[in-house]
Amino acid sequence: MSSVDVSTGVSADVLVEVTDLTVGFGSLRAVDGLSFTLEKGAALGLVGESGSGKSTVASALLGLHRGTGADVGGSVRVAGIDVQEASDADLGRLRGGKAAMVFQDPLSSLDPYYAIGDQIAEVYRVHARVSRRAARARAVDVLDRVGIPDALRRSRSRPHEFSGGMRQRALIAMALACEPELLIADEPTTALDVTVQAQILDLLHTLREETGLGLLLVTHDVGVAAESVDEILVMRHGRAVEHGPVGTVLGAPAETYTQDLLGAVPRVDARRVRSEGSSGSSPEASSAAPEVVLEATGLRREFGRGKRAFAAVDDVSLTVHRGETLGIVGESGSGKTTLGRMLVGLLKPTAGEIKPGGGVRPDVQMVFQDPVSSLNPRRSVGESIADPLRARGERDEGRIRARVRELLERVGLEGAHYDRYPHEFSGGQRQRVGIARALAADPRVIVCDEPVSALDVTTQAQVVALLGELQRELGLALVFVAHDLAVVRQVSDRVAVMRRGRIVEQGPADEVYDSPQDPYTKELLAAVPALDPEVAAQRRAVRRELATA
Amino acid sequence: MSEALVASQAAGTDVSVPAASGARQFWRRLRAQRAALVAAAVVALLVLVALAAPLLTAIEGQDPFTYHPSLIDSARGGVPTGSFGGITGDHWLGVEPQTGRDLFARLVYGARVSLGVALGATVVQVLIGVVVGVAAALGSRWVDQLLSRLTEIIVAMPLMIMSLALLAIVPSSFPRPLLVALVIGLIAWGNTAKIVRAQTLTLKQLDYVSAARLSGWGTWRIARRELLPGLAAPVITYAALLVPMNITVEAALSFLGVGVKPPTPSWGQMLTAADVWYQAAPQYLLLPAGALFVTVLSLTVLGDGIRTALDPRAASRLRIGTGRKGEAKADASTKGASGKDAGTKGDVRTEGATTKSTNSKEATS
Amino acid sequence: MSGFGGFVLRRGVGTVITLLAISVIVYVVFFVTPGNVAQITCGPRCSPEQVHQVAQQLRLDDPLYLRYWHFLQGILVGQDYSTGTSVEHCSAPCLGLSYQGDQQVTQLILAKLPVSLSLVFGAMVLWLILGVGTGVLSAWRRGRFTERLLTGITLAGVATPVFVIGLVLMIVVCGQLQLLPFPQYVSLTDDPEQWAWNLLLPWLSLALIEAATFARLTRASMLETLAEDHIRTFRAYGVGERSIIGRHALRGAFAPIIALNANNVGSAVGGAVLTETLFGLPGIGQELVHAVNVVDLPVVVGMVLVIGFFVVIANAVADVLYAVADRRVVLA
């Protein structure tokens, strides 16, 4: 708290001034006594894990809590307007006119029924007294400005006809339409692929350089903040933990929480560290050729029929050895999840062969992405974990309970949790339950499909560590499917990069990451946000080169 | 389902957080709605009246079938003698014109027919709907095509018209109320089947069903343990809407003279001649119409309440911004409490969404 | 656009299949009932000669598929009937002959159709205006007294059967207050003003209950849309409540309203039967009830098919409209 820097400059230069802000929903305090200022043209990143109250702050800047029953205390001044005291008309002028917001999910943030250009024009006409035609021309203008090709024609398309990145550009165009002084971006790239994320962050950077726009960036991703802002404010439980220039906070964090947070962030340029205990099981240490536990050749999977048929996975071959981790990395639509589901037997390949094959089998298990839907809400977690035991024919209740308790304890939960229900657990705990259920079948291979992508970064690190431990102890082979290049590097011995259903590059993790051969792999690696602002600037330069090349 | 309930209730005792048990939360949420509680009380009363109809009429000392020619003034076209439609200590609500049958007895026995037929029809609709819907969702592509096409055809059949026509050709020796229930049930199961199919397809996509498959269970066991409990909520919700609808249909058919036939009493039938006799005494219109109105209204309100209790998320979505302070705050605080979930869900990348859409594509094609 | 054309084509083929299937089901159910079909068809008062004649006309000696084929042929190209002495031609679409007065079913239906169409379409206009209007008003005034009042009224409306509303309206308006005469159908082409005045009460009785259903749906889908992310976007850009309700929230309710309207054509037709019977309007519904009561099977079957035809067509049209209202449907 002490490090919060309330520098009061000349008030004319202050764009945002938040003093002692509290926002409460009933008994819950989402924001608890937060203060900060943002000068004109500056960029501040609000960084925190889920539940830290960072998005609530963003909404409070535009007075979006008015009329929702939330208790808002303290004062918020944006572009000279006191948001708490302002009349509805003044608030209307502030929203969009002086401060514009860009939201996380660009698909749901636009009206599905109207053309993009019309929506931008509608917003523009709220703030500028112009004709419909002029507003429409302005919409095409700003769409062109944010890099939408053939803006006039595309302005007539509706949101679902745009790709995710294009939609986010359109939202940014909407924000630019009224030439605001402040842009509030609430997780603007969280729903996007890493290469698209890089494009959007670059766009924001360029716009700031050109227009002198102030930026308040809300994100859970420290890397995204490092790429885009000058100052960082780390939030936890609605309070500020640490506030300062990017280089200082990320380079030499003063607070323990910030240190822990940064320690948990996986780094794409750090080699995998195997603890010394791993003697025989790691492939590079063993002299004999490691046993192959799963082998796929020429896998292909099509969806749809006739004209609409497309191959989600096309001619993929891979082998998994005992005790190793194969990382499969790719962006959305790359077919990695389909591949994972074929490997465990949940999906039948259209062509190709998996050994050992024959549908689902106990020795290949899966850990799922979504900790909410992967456990039946109507059954106790113990019962879910006991499923493989019962299915195998175990009838002795005492033995089942004992084994499930043992598994629960093994994954870091308590044996007494047997009778509890999924909703009583946090996301990370539920993911541990999912791991225990997979272990109950005594598998040789576990396919993990985005096992940590729904988790906060600190929880993510714990779950990844747990998987590593189990692997060493039980000699498990892991297939780790993920979009996050840094996480994959953290856990993998070998890596396969997927794009449009095919593996474009495959090899030992360090080779692939340190000297990528395929241009797509290079592009992916260049797009990963860096924690160091200087590295970030270098990467941005590399991206520009790749784009022009 | 019952197993899970017992287990969860046992679990509920030692944990501070309310158990996941559908039933417990359901009752808590239903109790929170005053209108639904009142409606439930009225429905309970109606059911009680229907069950106790013989007892009630015995107390009155009448039955619904005996003619009382002595109470009818045939000179005036069959109007009951005496004022207010022949209300006396013996005939609490008066007697029917022309026949002189006791009105109170016919009204309470009418409740039996009304509720009985509606419930019977609902049971038939739900049974067929669930079997067809689940079979379509879990069966092969051909089974799905066939059953879905059949469902489409059934949905396209106008219920009133078809039942009107069907009831005309069945010999009158068949017990009429049972027949009406069967006809309504056999014609109007299409929407139930559609809802069940859609819900089953959604549930089938869930990871916990995949996990159950990976643990080695067969299709039947997965359907029973993982899918059917998830169907309970939407099926109950829809069935609660079907009951008042069926009551209306039965009353309409009987009103037209093709549903339940005399001498069996039915509210719809009692209204048939109401436009002629209401001037003699208003209760010929008001009693059956009021009984129908109260029954359908309370069942509808109860149905809404059940839906709110079973799907609080949908309900709170509908209540957002209603400005009723207590409720708005309660909503906000539950949202806050589940905010962590919302947050983590939000952080899920689009990969999940795209796979889901491809999977559902596969399911529909 | 080719995707959309393909969608319409697929939907059209589906509609034809559904219509054929309905005709098979209806034919089988009504003409293959256990017992003496000729006797049931002809009615209880027929003489043995008449029954024999009916049996011939229905070709009861032919196998089932042939009989159905003739029936279908009659609908598609017409058919000749021998009525003992003379041969009567029944041109397509021929639905057979009525046994009460030897009239052609098609003619009978055509004569009654204008009444029923006047009733249903007039009522539809009324319920869409009333229902959607009430729904929009409730969504706009959400949380206020207006909303609660309207919610109560619509709930009462949903709970009141068509014939109860009709009865009460007729008794109160025509009987007690004598504001209007008891309705008598006057053709639109004869006297449009009288047509409307006489149909006013039937329209209201049929429309009120449907309007209540639409009001509930409109309110619910608008409130649902209001809770969606894109509404938050427009709020965050200072767009006013009027535009948010009237432009964005209402637009989200279009597709559900269209779907419900199609879904409700069936129930509205059922309501029309009740309304016609109640008010003595000489439409298809009244004729159907009459035919059912005297067990005139060719008329019953003809009516059911014609009404089924309208319902299926309405559903198909609604599906296409739905796809226009929500283009994403076509892509799915």
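Into which domains is chain C divided? In this predicted model, chain C is divided into domain 1, which spans residues 4-104, and domain 2, which spans residues 106-325.

**The two domains of chain C**

The C-alpha centres of domain 1 and domain 2 of chain C lie 32 Å apart, and the two domains meet through 24 residues of domain 1 of chain C that are in contact with 21 residues of domain 2 of chain C. On the side of domain 1 of chain C that touches domain 2 of chain C, at least two residues each are supplied by α1 (2-31) and α2 (37-42) of chain C. The largest share of that side of domain 1 of chain C comes from α1(C), with 11 residues.

**Chain A against chain C**

Between the chains, 22 residues of chain A are in contact with 13 residues of chain C. The elements of chain A that give two or more residues to the side touching chain C are α2 (88-94), β6 (99-102) and α3 (116-127), and the largest share of this side of chain A, 4 residues, is that of α3(A).

**Residue classes on the two sides**

The table sets out how the residues of each of these sides divide by class.

| Side | Nonpolar | Polar | Charged |
|---|---|---|---|
| Domain 1 of chain C, touching domain 2 of chain C | 13 residues | 10 residues | 1 residue |

How values were computed
Residues numbered from 1 in each chain as written. Chains lettered and ligands numbered in written order. Predicted model: local features only at pLDDT ≥ 70, side-chain atom pairs only at ≥ 80, totals over all residues. Contact = placed C-beta atoms within 7 Å. Domains from an automatic or database assignment. Nonpolar A, V, L, I, M, F, W, Y, C, P; charged D, E, K, R; others polar.
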